[in-house]
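Please examine the sequence and the structure shown below.

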Amino acid sequence: MASGDITNASGPSYSCSICFRNYKRREHLQRHVASHNPLRPYRCEWCNSSYHRADVLKRHSQICPPKAVIDGALVGSSTRRRKACDRCARQKKACSTGQPCENCRRKSVGCYYSFGVETAEERMDEENASCQSHVEFLASSEMLDHPGRHVTMPSLNSGVHSLPTVLESYVPEPEFLEYPGTKNLGWLDFFSLATESLPSNKPGIQLENYSFHFLDRFTSRSGLADSFDCGTPAQRVQVVSAFLEAEFEPPATSSAAFEMGSDHQDLVESDPASASPSLLIQPQVPRDPLIIKTHQILLLVQEVVTMKPRNSCVKMEWSAILEQRCLQFFSPPNLRKFLTLYWEIWHPNVNIIHRPSFNSESSKSILIAGMALIGASLSPDATDNENSKSWFNCVEEMVFTDDDFCSDPFFTSDSTTLSPVTNMRKIQALQAGYIVCLYQNWEGTDASKRRIRRYRFSTLVSVARDIGITTARHLNYGSAPQYEFDWKDFAAREQLIRTFLWIYLLDQAFVIFNNLPPRMVIKEMDMHMAWPEAIFQAATSAECAQEVQKWLLRCAPICNITTRETVESFCKSSLGPNIRRCFADMGPLNLFVIVSGTEVPWAAFHTLVFQQQNSSLCNAGQLQAIRYALHNWKLAWETYSSEFSSSPPHDLLNEVEPSPGNMWRRIGFMRHSPEYWLLASLLVSRLSHNIDRPPMFNTSTANDSASLDPILNKYDQTSMRQVNDLIAEFQNIRLN
């Protein structure tokens with residue numbers, strides 16, 4: 001037996017079951033066993049080389065030729081010096097880089113640096129400078145816009161089909177709003193600026209000065225990333241980079257031995273000696289906590305594929321290859337990556353899930369799968385985008401056949417009301433159904449969009465009514481001492497309130513952009529409004545209870561007002577300055593609900609358009625209530641913009657450019673609410689003009705019906721082209 005294959009007879013021996021090499025230490029065996037694995041999950045983002053282990057990739061990145069050239073251009077250097085002392089480098093051990101280092105000090109031996117001494121402080125300064133330069137380099141549009149240059153992110157998908165392609169064609173984000181002083185502002189600039197601090201707090205600038213930059217883009221594009229406020233490709237790359245750095249960072253202690261993977265060269269014990277073979281011991285790799293969730297999703301996918309109901313939207317057949325694809329896409333590392341993208345990129349746009357109390361290990365599998373699909377759709381890796389589409393219909397079928405989703409109503413009119421905290425599985429099933437409607441309506445095929453619009457969403461509304469819209473109310477937290485505050489119960493109630501609000505908003509989006517009659521009405525919305533983000537984003541129970549008490553004192557006149565009462569208040573002829581200030585302090589989400597998702601200022605208007613053929617429904621009295629609502633909303637938004645938009649409890653970001661980890665706290669696309677107000681105002685003016693036109697009694701024919709309704713004359717349209725053409729027409733009128 002060769003000397004390299006045996007160990008010291010005085011100590012234990014660990015043998016490889018594949019090649020029977022022996023090692024003195026178990027972590028060395030574990031590191032060696034990974035070299036037999038054909039998968040190389042750690043890929044260099046600069047040269048596309050792949051490795052078994054994260055620390056080997058990190059070592060390679062120090063000498064990667066493409067990275068050295070670019071780093072040399074950024075920081076003036078293309079080489080990096082060795083950090084470890086001579087003895088630690090020879091033994092391949094971690095070195096503290098002191099003089100002496102910790103290893104040499106413990107063994108009382110001389111510590112020498114043949115290349116010169118570099119202190120830990122100097123090394124940290126150098127790495128910080130390099131890291132900062134690398135982040136700035138990734139974020140620079142100059143790099144992204146350079147013709148022919150490709151940026152490749154490491155992929156979490158292992159195997160032959162996992163070659164990532166990222167940012168192959170970068171298109172700069174358009175300007176969201178156009179008004180004096182905001183030309184050429186990027187997406188990060190609008191984090192701190194936002195619409196809530198735009199025209200209304202500048203002298204001489206009113207809401208009428210807004211253009212349709214957001215709605216023009218929203219109605220002319222498809223896809224979540226292009227339609228909503230999901231950042232630039234460079235920002236999504238930064239989110240994934242931060243995740244990968246945290247996910248695969250090698251531990252500083254010997255626990256790094258549990259990592260999978262190794263390079264072709266095994267790291268062998270520095271002082272081998274002869275020994276006899278010992279017991280065969282296999283390495284024990286810690287089980288990933290999300291592996292159970294992966295297998296639960298696999299079983300659900302297998303069920304909907306093999307047991308298709310009649311007219312099922314799932315067309316694929318179950319096979320061993322499909323099983324491996326499912327395990328790969330919903331693997332624990334991928335789930336964590338996609339959930340990170342969901343929180344950082346998507347959550348601000350539709351904030352229905354309580355992140356501080358969210359636990360991916362205990363949440364329903366269908367909710368995790370839906371969130372993962374949205375995260376994959378927003379990934380900077382085009383492979384993730386394409387792979388996610390394969391599972392859209394499967395997860396849709398999983399959700400809409402789920403037992404909690406399809407269960408009988410909780411209560412009747414004679415029974416007690418729902419306790420949200422004890423029925424979180426039902427609430428999570430409802431959230432999963434809403435998420436399915438989102439990704440299918442913006443990422444799915446035309447057939448999927450029609451199916452969601454015509455059938456699935458109606459089922460979602462019915463489930464919401466079964467739960468009970470009137471149950472979405474908060475308790476009287478002011479009457480109980482703070483130590484009795486139940487954080488879980490509050491989080492469940494607030495999630496239920498927000499989920500119902502966003503279902504209502506999606507219904508009104510179908511009315512606005514697809515010209516469908518509404519399926520929900522304001523009279524059934526006897527539920528509380530959403531509470532501020534400072535409460536919903538509080539990290540602890542004590543912090544949440546403290547924010548609740550602050551809010552109760554701040555909004556005492558309207559703390560228990562319902563959505564229906566809020567809309568009815570806006571339809572009055574005028575709001576007093578004090579009550580208007582209270583409504584303005586309700587925050588951007590509630591103001592967005594009022595302007596774009598209420599029956600009177602917007603949906604009722606579309607109902608009037610929908611009933612245009614029956615002229616008796618179109619009268620000046622109905623339009624007057626809409627005008628009151630739009631006028632009161634304009635004043636409320638201007639008050640919010642000038643007094644409340646840049647401070648808690650609504651704006652919680654102190655960073656001008658939020659970094660990964662804080663991006664989930666920003667305000668989403670509801671900051672463009674003034675564009676909805678402007679469109680509603682213009683449409684009301686046009687409808688008023690149509691009502692004032694003389695009737696055409698005997699001269700109209702079937703072909704003349706469109707002339708009586710020139711605004712939106714096609715119903716249940718998958719494309720939003722009608723609204724986009726209308727916006728373009730309004731913009732041309734403003735220009736002329």
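Predicted model: local features only at pLDDT ≥ 70, side-chain atom pairs only at ≥ 80, totals over all residues.

The chain has 736 residues, and 51% of them count as buried, where buried refers to a relative accessible area under 20%. The accessible surface of the protein chain is about 33100 Å², and carbon and sulfur atoms account for 52% of that area.

The largest nonpolar core has 152 residues, among which Phe-330, Trp-346 and Trp-502 touch the most other members. Helix α21, formed by residues 487-514, gives the most to this core, namely 15 residues. Which residues does Trp-346 touch, if residues up to four places away in sequence are not counted? They are Leu-224, Phe-228, Cys-230, Leu-341, Ile-374, Leu-378 and Leu-438.

Why is helix α17 described as largely enclosed by the rest of the structure? The helix spans residues 392-400, and eight of these nine residues are buried, so the rest of the structure largely encloses it. The buried residues of α17 are Phe-392, Cys-394, Val-395, Glu-396, Glu-397, Met-398, Val-399 and Phe-400. These buried residues pack against six elements listed here by number: α12 (291-306), α15 (365-377), α16 (382-389), α18 (403-406), α19 (424-443) and α20 (446-467).

Notes. Residues numbered from 1 in each chain as written. Heavy atoms only, no water. Buried < 20%, exposed > 50% of the residue type's maximum accessible area, 1.4 Å probe, protein only. Helix = DSSP H or I, 4+ residues; strand = E, 2+ residues; numbered from the N terminus. Contact = heavy atoms within 4.5 Å. Core = buried A, V, L, I, M, F, W, Y, C linked by side-chain atoms within 4.5 Å. Areas by Shrake-Rupley, 256 points an atom, 1.4 Å probe, with all protein chains shown as cover.
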